[in-house]
Amino acid sequence: MQEIIDKIYYVGVNDRNKELFEGLWPLPDGVSYNSYLINDDKVCLIDTVEVDFFMPFIRNIHEVIGDRQIDYLVINHMEPDHSGSIALIKKYYPDIKIIGNKKTFGMMEGFYGVNDNCVEVKNGDVLELGGHVLKFVLTPMVHWPETMVTLDTSCNVLFSGDAFGCFGALNGGLIDSQINCDTFWLEMVRYYSNIVGKYGTPVQNALKKLAGVPIDYICSTHGPVWHEHIGKVVGMYDSMSRYETAPGLVVCYGTMYGNTEHAAEVIARAASQAGLKDIVMYNVSKTHHSYIIRDVFRYRGLIVGAPTYNTGLYHEMDVLLSELAGRDIKNHCLGWFGSHGWASRAVAKIQEWNDTRLHFEPVGTPVDIRQSLDSETFAMCEALGKAMAEKLLAE
Ligand SMILES: Cc1cc2nc3c(=O)[nH]c(=O)nc-3n(C[C@H](O)[C@H](O)[C@H](O)COP(=O)(O)O)c2cc1C
């Protein structure tokens, strides 16, 4: 197994089989479950892996320590993709001491029935392993209540749990300086926006706790080990958790027979003609909402439109708006439009979502299309696209 630095080894695994992470998030390039082993006077394992991967996990551990026992297991985060192997690790290493905080152990008992040999740590507590010294920093609600991170102060390594993680399996290379990271940047935004995105304030609090701490390696639970790009990934987390955006536009629509799509094309073209360069368009039935949410986190403007369907809003658009509303996204502008055959509901429903849950800043005049675009609604779509572009560019 690869040594990251000074007796710290990677012992994680790759999952290229799963279609949907957590049954929700597509994994076109797989995902890694990262775990780390410090082979010092005392042996310490940092987090585990999803239980389906226990056999390759234990093989990786044996490759590093052979028959040595593991003294400590640090649990930074109890989500089962990291905690899933705790019970089996305890079977292999019955004397292992499990390190967590007050909120960790109730969850551990509830999920796995494990409740003995626990060592509770508080914020700032220290554990000496020999040459290596670990310091525990509690980071509640990034993105579960028990989350914490572990600093190895002897060599400036941060074991960050899910923070700074991203989708994408590790294809041979482990540390960012060994690999081309191009594919990981957008996947980091998708991971953050969908899974952590609601918790901007706790992420800001965690970043403040770590500000000024020298960090040479960030070892997260998913994706590459960050070394060369630490400034970039910390900057990305800072910016995303402040809900900072670029002056771009997401145009997202539902359609059955093309009339609402036609309106979306007119709106996007008008925005482009008004000078806006960053415009992305999605058919909400085709593109998984995790990609749309990712781009909503990147761009300040959003225009959504959908048909009236069974006296309500086209279902896939309802799902998208519900997902967006669940993330408490701030600092965004919204325009909207809709279509109907005989009795309009879609436009009012989108407005209802915004008034009651989203609270984005409304831009332009909503367009309600009866059956298909006519000259009046065509002009209104152009005006909507232009108004949004002018608003975004003016800022
Ligand atoms: C299954 C189905 C249910 C619909 N329900 C309604 C409705 O409840 N009220 C209404 O005014 N139009 C309804 N419509 C009509 C559509 O809203 C209308 O045809 C619209 O132009 C469709 O847009 P599209 O061409 O982008 O798919 C329905 C259409 C379909 C296919």
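Helices and strands here are DSSP runs numbered from the N terminus, helices having at least four residues and strands at least two. In this predicted model, aspartate 6 sits in the loop between strand 1 (3–5) and strand 2 (8–10).

**Overall picture**

The protein contains twelve helices and 23 strands. Its C-alpha trace spans about 80 × 40 × 35 Å along the principal axes. Of the 395 residues, 48% are buried. Among contacts between residues at least 6 apart in sequence, 72% join residues at least 24 apart.

Seven strands make up an open sheet with mixed pairing, in the order 1-2-7-8-9-10-11. Strand 1 and strand 11 (118–120) are the edge strands, each pairing on one side only. From one strand to the next, the twist averages 25°.

Within this sheet, strand 7 (residues 36–39) and strand 8 (residues 43–46) run antiparallel and are joined by four bridges. Asparagine 39 has valine 43 in strand 8 as its bridge partner. Helix 1 (residues 54–65) lies across strand 2, strand 7 and strand 8, and runs at about 20° to strand 7.

**Backbone details in loops**

Aspartate 6 is not a glycine, yet its phi is positive, at about 40°. Aspartate 6 counts as partly exposed because 14 other C-beta atoms lie within 10 Å, a number between the cut-offs of 12 or fewer for exposed and 20 or more for buried.

The peptide bond from valine 142 to histidine 143 is cis, with omega near 15°. Histidine 143 belongs to the loop between strand 13 (133–138) and strand 14.

| Residue | Angle | Value |
|---|---|---|
| Aspartate 6 | phi | about 40° |
| Asparagine 156 | phi | near 55° |

**Strand 15 and its partners**

Asparagine 156 is part of the hairpin of strand 14 and strand 15, which has four residues between the strands. Strand 14 (residues 148–152) and strand 15 run antiparallel, with three bridges joining them. Aspartate 152 stands opposite valine 157 in strand 15.

Strand 15 is also joined to strand 16 (residues 217–220), by four bridges, and these two strands run parallel. In this pairing valine 157 stands opposite tyrosine 217.

Is strand 15 (residues 157–161) mostly covered or mostly open? It is mostly covered, with five of its five residues buried. In a regular strand the side chains alternate between the two faces of the sheet. Val157, Phe159 and Gly161 are on one side of strand 15, and Leu158 and Ser160 are on the other; both faces are covered.

**Helix 5 against helix 9**

Two packed helices are described by the angle between their axes and the distance between the axes. For helix 5 (residues 182–196) and helix 9 (residues 289–298) the angle is about 95° and the axes are 8 Å apart. The two helices are therefore roughly perpendicular to each other.

Which residues meet in this contact? Helix 5 contributes Leu186, Val189, Arg190, Ser193 and Asn194, while helix 9 contributes Ser290, Tyr291, Ile293, Arg294, Phe297 and Arg298. By type, the residues of the contact divide into five nonpolar, three polar and three charged.

**Helix 7**

Serine 239 is found in helix 7 (residues 230–241). Serine 239 is partly exposed because 15 other C-beta atoms lie within 10 Å. Serine 239 and glutamine 204 are 35 residues apart in sequence, and their C-alpha atoms are 9.5 Å apart in space.

**Helix 12**

Helix 12 (residues 375–394) has 20 residues. From its first C-alpha to its last, helix 12 reaches 28 Å, close to the 28 Å expected at 1.5 Å a residue. The buried residues of helix 12 are Thr377, Met380, Cys381, Leu384, Gly385, Ala387, Met388, Ala389, Lys391 and Leu392.

An α-helix has 3.6 residues a turn, so residues three or four places apart point the same way.

Technical notes: Residues are numbered from 1 along each chain as its sequence is written. This is a predicted model: local features need pLDDT of at least 70, side-chain atom pairs count only at pLDDT 80 or more; totals for chains, interfaces and linings use all residues. Axes are lines fitted to C-alpha atoms, for helices over the stretch in contact, and angles run from 0 to 180 degrees between N-to-C directions. Angles under 35 degrees count as roughly parallel, over 145 as roughly antiparallel, 65 to 115 as roughly perpendicular and the rest as oblique. Two residues are in contact if their C-beta atoms, placed from the backbone, lie within 7 Å. Ala, Val, Leu, Ile, Met, Phe, Trp, Tyr, Cys and Pro count as nonpolar, Asp, Glu, Lys and Arg as charged, and the others, Gly among them, as polar. Two strands pair if DSSP finds at least two bridges between them. The expected span of a helix is 1.5 Å times one less than its number of residues.
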